[in-house]
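Dear colleague,

I am passing on a structure that you have not worked with before, and my notes on what was found in it follow directly below. Please read them with the structure open beside you.

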Amino acid sequence: MTDAANPLLTASALPYGLPPYPDIRPEHYLPAFEAAFAAHRQEINAITRVRSMATFENTMVPLEESGALLDYVGRAFSTVSSADATDAIQEIDEELAPRMAAHGDAITLDAALYARIRMLHERLDDLALTPEQRYLVERRYTVMSRAGAGLDDEAKKQLSEINTRLSRLTTRFEKNLLADTNELAIVITDPADLDGLGDGEVSAAARAAAERGLTGAWLIALPLFTGHPWLASLRSRDTRARIMTASRSRGNRGNEHDNRDTLREIVRLRAARARILGYDSHAAYVTADQTAGSPDAVSELLRRLAPAAAANATREKAALQAQIDTTDSPFPLDAHDWSYFTEKVRASRYDIDQSALRPWFEAERVLQDGVFFAAERLYGVTFTERPEIPSYHPGARVFEVREADGTPLGLYILDLYTRDTKRGGAWMNSLVTQSELRGTKPVVVNNLNVAQPAPGTPTLLTLDEVTTLFHEFGHALHGLFATVTYPTFAGTAVRRDFVEFPSQVNEMWILWPEVLDNYARHIDTGEPLPGEIVARLRESEAFNQGFATSEYLAASWLDFAWHSLDADTAAGVTDAAAFESAALSDIGLDDPAIPPRYASTYFAHVFSGGYSAGYYSYIWSEVLDADTVEWFRENGGLTRENGERFRRRLLGVGGSTDPLAAYRGFRGRDADIQPLLERRGLTG
Ligand SMILES: [Zn+2]
């Protein structure tokens, strides 16, 4: 195949530089990646071959221009590898992952490139740079230094050995977890054990059993986290107990999938790597480059929230126990009873049946008259569907986004429905990032996993799904509103403990009266959601928050406790379970009825995903989120003026400035924790 025959290697003729997906076949990807790696390497070599002293113009500008092809091919591929991963795409993905990592490392650790950037960094005060340019030098220097580009050869060698070993261990952790999770799925042979589940759930369990060749049986597969959504409705206490026991024993049964030794070695190696890079612990290494800044700032927040959350959970537990005590044969509440009796208390206290709300949440109406409507009120932007523009899958709809005056802004792609080739969960990704330097406008994608309705019937969402759509759309706006010069900084390219902030803020419009009244209309009658239901929904927002906050904080604390060990102490931990219990009791989150959202042996986010020493990020961002919601309330809510300020000062700057300075610029002060405490009922 010649380059000319590869649609990924010819300039896109589609609007906004969208890849020509209808022409792209799986076999086009690897050759395109080969070409892109080579082009990127050549571009970097051209920078480091320059003999004259490093300047912003001869180093940073070509560096930011470099890798454009890799960016294009990489984003085109990763969009389908998460949302439409056919077998062919999965094979390419496996082959590609180590090569992507090796290519990235070779450039981040390139000694000649690092020398030029260090030179610029040393002379930063003598260079006449714009604030964005100055920040770019600082960030590039920091990122390369933190990866070890400044180390001597011996240390670099040690580092690369540790990295290689770590990548094997984290892969092993993930494989063990997957295998143990599959092995531990619950097989049910008596349908009475499924009492309380809906028809859809029972037939899903039957299908899952059939897929494993089990006849006359039902299979309950385990989700990633400790609890299970069905615990809320399963009447059989025995079935609930079986699910909980299976879930919590993942990775610690002493079989061939045991993760205890693996995770201890991961912790030890991360601590050793941090020491080589000049930090006391992995947590110190990670937080140094987050808005938190230090492990102390994180532990201070977690320790501050934990006692109040635990106290609330204890009160909630008493209410659940009271409910149990009204039954014919009462028993002391256990972890597997929590959800079930929570739903009983919720129903009696607030009279809310979640599934009965669906007729008010028709998907198209939620999108157009809720999500888009709120964005138009705040930012003046409009959304027009462009069905003639092809995307990566027929289910992914393309909308053109324009400013209030009609100026084109970018594309928004919405891929709502679940399918076999899509991974679980919901997310936003950028297919094209905005950059003045490259002359690109943003193309952003939102993926959800809403069940496809029967043909000819409307899609009725749950309130959770409505929340997810508003949340992911908040990330999309972050990408769409980027106004940066350099691609490094575009949109959502911000610190991990900051990135959830704009998306969480966008959730505030869901129950905002003007927005809710506009979109929550009954599918048959067009009537708005009755006022008393809305009032009960608002009242119930703090319900069960003691439990939710406690199980989340417990997991965050476990992550942080493991990764705060220095290399010597880490080497001395011999019993993972004992370490875990001691950590949980240390912060007062050790009630056996409230297990952590993830226990160490199945905590994939931190032992095989990208969240090590970072699971705290969600609550950290929520401090800013709650404080911002307060600001909108104080200033009149859904207005263009408020939207403009939030857009210009926070969303648009992306990663091009210090995030907390941007926050101060928006809010007029640092974030206050009080609104978060109030929202989660933690004021004591
Ligand atoms: Zn998010």
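Thr 382 has Arg 402 of strand β4 as its bridge partner, and this pair belongs to a predicted model, in which strand β3 (residues 382-385) and strand β4 (residues 396-402) run antiparallel to each other and are joined over four bridges. Strand β4 also pairs in the antiparallel sense with strand β5 (residues 408-417), here over seven bridges, and within β5 it is Leu 411 that stands opposite Glu 400. Five residues lie between β4 and β5 in the hairpin that they form, and Gly 406, in the turn, has a positive phi of about 95 degrees.

Beyond its neighbours within four places in sequence, Leu 553 is in contact with Leu 302, Leu 305, Ala 306, Ala 309 and Leu 589.

As for the domains, the chain is divided into domain 1 (3-149), domain 2 (184-248), domain 3 (267-351 + 545-684) and domain 4 (357-542). The centres of domain 3 and domain 4, taken over C-alpha atoms, are 25 Å apart, and their contact takes 32 residues from domain 3 and 34 residues from domain 4. On the side of domain 3 that touches domain 4, the elements giving two or more residues are α13 (338-350), α23 (617-634) and α24 (640-651), with the largest share, 10 residues, coming from α23. The residues of that side divide into 11 nonpolar, 15 polar and six charged.

With kind regards

Definitions and conventions:
Residues numbered from 1 in each chain as written. Predicted model: local features only at pLDDT ≥ 70, side-chain atom pairs only at ≥ 80, totals over all residues. Pairing = 2+ DSSP bridges. Contact = placed C-beta atoms within 7 Å. Domains from an automatic or database assignment. Nonpolar A, V, L, I, M, F, W, Y, C, P; charged D, E, K, R; others polar.
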